[in-house]
Amino acid sequence: LWAVVNNRDNIAYPHHRDITGDGRDDYGTVVPAYVDDHPMEPFVRVEQGRFYGWPFCNPTQDTPAGARDMPYDRDVQTNPDGRKADCATAEPVDTGIPAHSAPLGLTFLQQTPVPAGLRTGAVVALHGSWNRTRRTGYKVVWFGWQPAAGGGRPGAQQDLVTGWVDASGEQVWGRPVDVAADATGSLLVSDDAAGAVYRLTPPR
């Protein structure tokens, strides 16, 4: 079982450091520059009995591995003294999607009639951010699936459909919600801002 997670907003900075440059410790402060990229949205394998952090621990890409096999930082607001949960025991996140992308629909394309190049992966509808200083999301992305020998998990994120937000990030035309494959090999994308369903047809 795999899931994508529409993660939290406005988390406080979890380390005793000065990241704003004002000479003061920013621990426990909501810093926009930090919030912009934290916490990443998990794309994770779900297994019975495992702990995945929420809401006491937040996945972090601030390690050499980046957005792969992410560990967790303790959440300053919900788990200030670490008594609610030991974040070191949380299951690492397989793959991270950029923070505030708001992933909603997740569809595996194996055994569907979509073009063979897409059939080896999964698509995710990114509804888009509301509180990031520069918008992110507002697109449909594709993850090629690594074979079992490579861990049997998502590969790198690739844009499949974009265009619902302009280059400046100011004007938004739509917000993707979910993706489904139809019997012809097309993809249907729902958009709850425009009240529309788009049909993406493979080239003939």
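User: How many aromatic pairs does the structure hold?
Analyst: This is a predicted model, and its rings can be counted as paired where their centres lie within 6.5 Å. On that basis, the number of aromatic pairs in the structure is 7.

User: Are the rings of Trp-2 and Trp-145 stacked or edge-to-face?
Analyst: The two residues come from distant parts of the chain, with Trp-2 in strand β1 and Trp-145 in strand β9, 143 residues apart. Their ring centres are 5.0 Å apart with the planes at 85°, and planes over 60 degrees apart count as edge-to-face. The pair of Trp-2 and Trp-145 is therefore edge-to-face.

User: How many residues apart in sequence are the parts that the pair of Phe-43 and Phe-143 ties together?
Analyst: The rings of Phe-43 and Phe-143 form an edge-to-face pair, because their centres are 5.1 Å apart and their planes stand at 85°. Phe-43 is buried at a relative accessible area of 0%, and Phe-143 is likewise buried, with a value of 0%. Since Phe-43 belongs to strand β2 and Phe-143 to strand β9, the parts tied together are separated in sequence by 100 residues.

User: Is Gln-111 buried or exposed?
Analyst: Gln-111, which is not a glycine, has a positive phi of about 65°, and it lies in the loop between β7 and α2. Its relative accessibility is 83%, and the class above 50% is the exposed one, so Gln-111 counts as exposed.

User: Where does Pro-39 lie?
Analyst: The peptide bond leading from His-38 to Pro-39 is cis, with omega near -10°. Pro-39 itself is found in the loop between α1 and β2.

Note on methods:
Residues numbered from 1 in each chain as written. Predicted model: local features only at pLDDT ≥ 70, side-chain atom pairs only at ≥ 80, totals over all residues. Heavy atoms only, no water. Phe/Tyr/Trp six-rings, centres within 6.5 Å; stacked < 30°, edge-to-face > 60°. Helix = DSSP H or I, 4+ residues; strand = E, 2+ residues; numbered from the N terminus. Buried < 20%, exposed > 50% of the residue type's maximum accessible area, 1.4 Å probe, protein only.
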